[in-house]
Amino acid sequence: MADRHAINVTVNGVRYEATVESRLLLADFLRDQLGLVGTHLGCEHGVCGACTVILDGRTVRSCLVFAVQADGADIMTVEGLSRDGQLHPLQEAFRDKQGVQCGFCTPGMLLCAYEFLQEHPQPSEEAIREAIAGNLCRCTGYQFIVEAIQEAAARMAVASR
Amino acid sequence: MATMAPARKWIGQNIPRLEDPRLLVGRPGYVTDLVLPGMVHAAILRSPVAHARIVAIDASKARSLPGVLAVVTGQEVKELTNPMPDFGPDPSKHTWWLLATDKVRYAGEPVAAVVATDRYVAEDACALIDVTYEPLPVVVDPEEAMKPGSPLVHEALGSNVAYSRTFVFGDVERDFAEADVVVRDHLRWNRSGAQPLETVGAVARYDPATGMMTIYCNSVTFTFLLFLVANTLRIPSNKLDVIPCPAGGSFGSKFWAVRVPILAGMLAKLVGRPVKFVEDRLDNLATSDHHGSDRIYDVELAAMRDGTLRSLRIKVIDDYGAYIQFGVGTHGNSLAQVVGPYKIQSVQYELYAVLTNKCQQGAYRGFGSEVTNWVVERMVDLAARELGIDPVEIRRKNFIQPHEFPYFIPTGNMYDSGNYPGVLEKALQLADYQGLREMQRRAREDGRYVGIGVISAQERSVFSATEFWFWFDQPTGITSSPESVTLKMDAMGNITATLYSQAFWGQSPETMVAQVVAEEFDIDPSQVSVIYGGSASGLPATGPGGSRFTIMVAGAIQGAARRIKDKMLKIASQRLEVAPEDLEFAEGAIRVRGTPEKRMTFQEVATLAYLFKLDLPPEIEESGLEANYTFDHPYTTMPSPDRKNLGVFYPFVGHACHIAVIEVDVETGQHRFLKYVAVHDAGTVVNPRSLNGQIIGGVAQGLGTTMYEQFVYNSEGQLLTGSYMDYLIPTAMEVPRVEIGHQETPSPFTPYGIKGAGEGGRMMTPAAVCAAIEDALAPFGVRVNEVPVTPEKILHWIDEARARQVAS
């Protein structure tokens, strides 16, 4: 295929150079070329939110972004949330509140909540529900996810004091 | 029964889930994440039409595309495989192949498969396959499909009615003749499905030198039926190894789902390289073989003026789609609890299983009995309305009472135990029912339409496979549907439990298994390692499904633990010179009762067992501390030859009361929840937080079925809801906060008294939500007898009701 492009991306603090077809989805690039399989593909048409990653500070659906569009971008995936084997307070809260069942929506849900809490450190239940309404979870009915995000907000507020 | 519950250390605790650390960092080990050396990728070409003869397939362009290793069509499938496993009636008359062979029978049916070096190329190649179809008349309405002269989905069957029969349990004629009132309704339960966020996938590898086929997959829980998969693949049953991978959700839809692993297996053998096939979302929506029930009911309920419920007459037409892989097992499930929690004395059940040009049905949380719960509860509400009795009172009056268990319902199934009035009172209290009625009255005065739905229904658990065959007159015998475990204490005294089914699909099998092992050995559950074994070296297993797994695997663990502990006691007894009956397991050691300082740690005992067998007493037959145990169904009986009694086939019966409070906007048809309460009795609770998670998740799915989700086919048989823009899964904005209560009535027949609980949420919510909406619209006299209840339908019902009021 002639239609290939050289791209440079930083993912979870690591720089990568790659050559990709223009049609390659960012999600497939992350999963198949970089081996970051924590980014899950649920619907591949931008509704379910499982493939959510953070690109230059904003959440995007990596099934709706081509890898070439990420050229020069700084990306965070779920693999970038925990540091040195320590879970992020959001992950800890998801565990303590059982905001996880099958784990398939979890990475997208975590990154959605991560972005939301940065802008809304003390959210109401209603605001959390609205914030995660673009991420489908088929297992939990959302209640424990909402509780986990509330719990994480409280812990992160204490930590940043 | 005022017996004291035995003191337990780990069962009943909210321990954090053992599964979560790897799920939280995105490393669960899903099959989609698996990469094998040399692996290539498959995609399928789906039929664009619902019913057509395949005249010709030209795959030459696809085959010549660089990167394409193989293109397989239906004709080649007939050379490479045998027909798919099929538990339906008379499979030779509606034969199901891996790919469509002579004709396509629904839009989305796979017509060809491509193997290529990557998935993108495989899909490119699918687009290059040229199929010539000769269109045939389409039949999508099951009632039309039953009529003589209808287009036939399977010509060999000679009809679209794959199965029909009327069963009578008890004296229905007498009960109806003696009844004061008979209420009748026509009810429609439209088709929805599990739609786990992870689709079905498999990676297959074939070794031509050994003939061994290894398939990694996220479906197929029944390991003892894998010989059927081997048969389709035309390999010996001892040359198939199915390795379970954790599933990103199933809700029943992956409990069999053998087409994906079989496709991967066939292609891997053909191309000589490992093949990955993972459904995309459209595959999963259109051709997953796991759409839920799709039923049309005409029901009569006979009652006395005082509210006593006497008898049910049910006529049901079920639209199975183009194939009928599980026969009418979903109706067997319905018959397990067809009278709900009530002392209804007789039942007539008239079933028509109809084939149409749609995707076939499979399993979805409830397996058919969630529909019956909805039907029975809707009819009880109708009787209450007709008789002018409060919906709570009519339920209370007809409950099977706590002292009447074990209770045999007219179909022959047994309810093991329960306290239905207790559950109801708890729920009414938690919801503040009197306060709610007062609030509703005030809201009505303000011109608001607030409704309260109260329902009481059953959650049967641990199926016996009789439900799949008692429909037919040939005696088959009772299949145990066993579950197995291997427990191993290694030389360091650490314990590993190996599970053999496709056990993880989002519930908490590892956590629960660790809790039971911890209980048996008195160790901390975090010290227990839980792994999943492949089928080739595995034991018979049935896996999750029918809310059976916790009960069955707990039984297996108890059995295996007993074997290991017996051996450990013999060793410790010799070393400590104390009789085995004077020893106890406590805090990771075996110690002498009353003299706890006289003890051997597990490690000390295990080291002897593994390294120094020859020093041990002769009754220790072999080295090591490992035990297998296969736990069989604890209580099931044969149906009577005349099928007037179906025997005991689903006996551990949980119960729940759900209360929904909903306000309806009568101008827009929109609704909002004001409250949702769920009180469940699942017997002994193993992990309350996990159970609550199952209940709330089930409520969310029940809500989807009730208000939002439907596989809509148009008159041409085209699936109109082929994306999540159209097939609407509830989000965090739609699912209400659920207030949960528990009652624990232990089963007298199961390990620890556990009852199944994985399906209950979805089995209750449709009835509760419909009752609340109907109650909200009571001023109009609206009857809610169809799901999903869309805003359009609500407005239509209100318009109809207003027209009726004007007319009268």
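Helices (H or I, at least four residues) and strands (E, at least two) are taken here as DSSP runs, numbered from the N terminus. On that basis chain B has 21 helices and 29 strands, and chain A has five helices and five strands. The model is predicted. Chain A is divided into two domains, domain 1 (4–80) and domain 2 (89–160). Chain B is divided into domain 1 (34–136 + 200–278), domain 2 (295–466 + 640–807) and domain 3 (482–631).

**Chain A: overall form**

- Read along the sequence, the elements of chain A follow the pattern β-β-α-β-β-β-α-α-α-α.
- The C-alpha trace of chain A spans about 50 × 35 × 25 Å along its principal axes.
- Of the 161 residues of chain A, 55% count as buried.
- Of the contacts in chain A between residues at least 6 apart in sequence, 59% join residues at least 24 apart.

- Strand S1 (residues 4–11) and strand S2 (residues 14–21) of chain A run antiparallel and are joined by eight bridges.
- S1(A) and S2(A) form a hairpin with two residues between them. In the turn, A:Asn12 has a positive phi of about 55°.
- S1(A) also pairs with strand S5 (residues 74–76) of chain A, in the parallel sense and over two bridges. Here A:Val11 stands opposite A:Ile75 in S5(A).

**Chain A: residue Thr19**

- A:Thr19 lies in strand S2 of chain A and is the bridge partner of A:Ala6.
- Leaving aside neighbours within four places in sequence, A:Thr19 is in contact with A:Arg4, A:His5 and A:Ala6.
- Is A:Thr19 buried or exposed? A:Thr19 has 11 other C-beta atoms within 10 Å, so A:Thr19 is exposed.
- A:Thr19 and A:Ala50 are 31 residues apart in sequence, and their C-alpha atoms are 25 Å apart in space.

**Chain A: contact between domains**

- The centres of domain 1 and domain 2 of chain A, taken over C-alpha atoms, are separated by 22 Å.
- Domain 1 of chain A gives 14 residues to the contact and domain 2 of chain A gives 11 residues.
- On the domain 1 side, strand S3 (52–55) and strand S4 (58–61) of chain A are the elements that give two or more residues. S3(A) gives the most to that side, with three residues.
- The residues on the domain 1 side of this contact in chain A divide into six nonpolar, seven polar and one charged.

**Contact between chain A and chain B**

- In this contact, 40 residues of chain A meet 40 residues of chain B.
- Helix H2 (89–96), helix H3 (106–119), helix H4 (125–131) and helix H5 (143–160) of chain A each supply at least two residues to the chain A side.
- Which element gives the most to the side of chain A that touches chain B? H2(A) does, with four residues.
- By class, the side of chain A that touches chain B has 20 nonpolar, 12 polar and eight charged residues.

**Chain B: overall form and domains**

- The radius of gyration of chain B is 28 Å, close to the 28 Å that the globule rule gives for 808 residues, so chain B is as compact as a globular protein of that length.
- The C-alpha trace of chain B spans about 95 × 75 × 50 Å along its principal axes.
- In chain B, 59% of the 808 residues count as buried.
- Of the contacts in chain B with a separation of 6 or more, 80% are between residues 24 or more positions apart.
- Domain 1 and domain 2 of chain B have C-alpha centres 37 Å apart. Their contact takes 18 residues from domain 1 and 21 residues from domain 2.
- The side of domain 1 of chain B that touches domain 2 of chain B has nine nonpolar, six polar and three charged residues.

**Nonpolar core**

- In soluble globular proteins, nonpolar side chains tend to be buried together.
- The largest nonpolar core in the model has 331 residues. The residues with the most contacts inside this core include B:Ala42, B:Val114, B:Leu267 and B:Ile557.
- Helix H17 (residues 549–576) of chain B gives the largest share of this core, 14 residues.

Conventions:
Residues numbered from 1 in each chain as written. Chains lettered and ligands numbered in written order. Predicted model: local features only at pLDDT ≥ 70, side-chain atom pairs only at ≥ 80, totals over all residues. Domains from an automatic or database assignment. Contact = placed C-beta atoms within 7 Å. Nonpolar A, V, L, I, M, F, W, Y, C, P; charged D, E, K, R; others polar. Core = buried A, V, L, I, M, F, W, Y, C linked by C-beta atoms within 7 Å. Buried ≥ 20, exposed ≤ 12 C-beta atoms within 10 Å, placed from the backbone. Rg over C-alpha atoms; globule rule 2.2 N^0.38 Å. Pairing = 2+ DSSP bridges.
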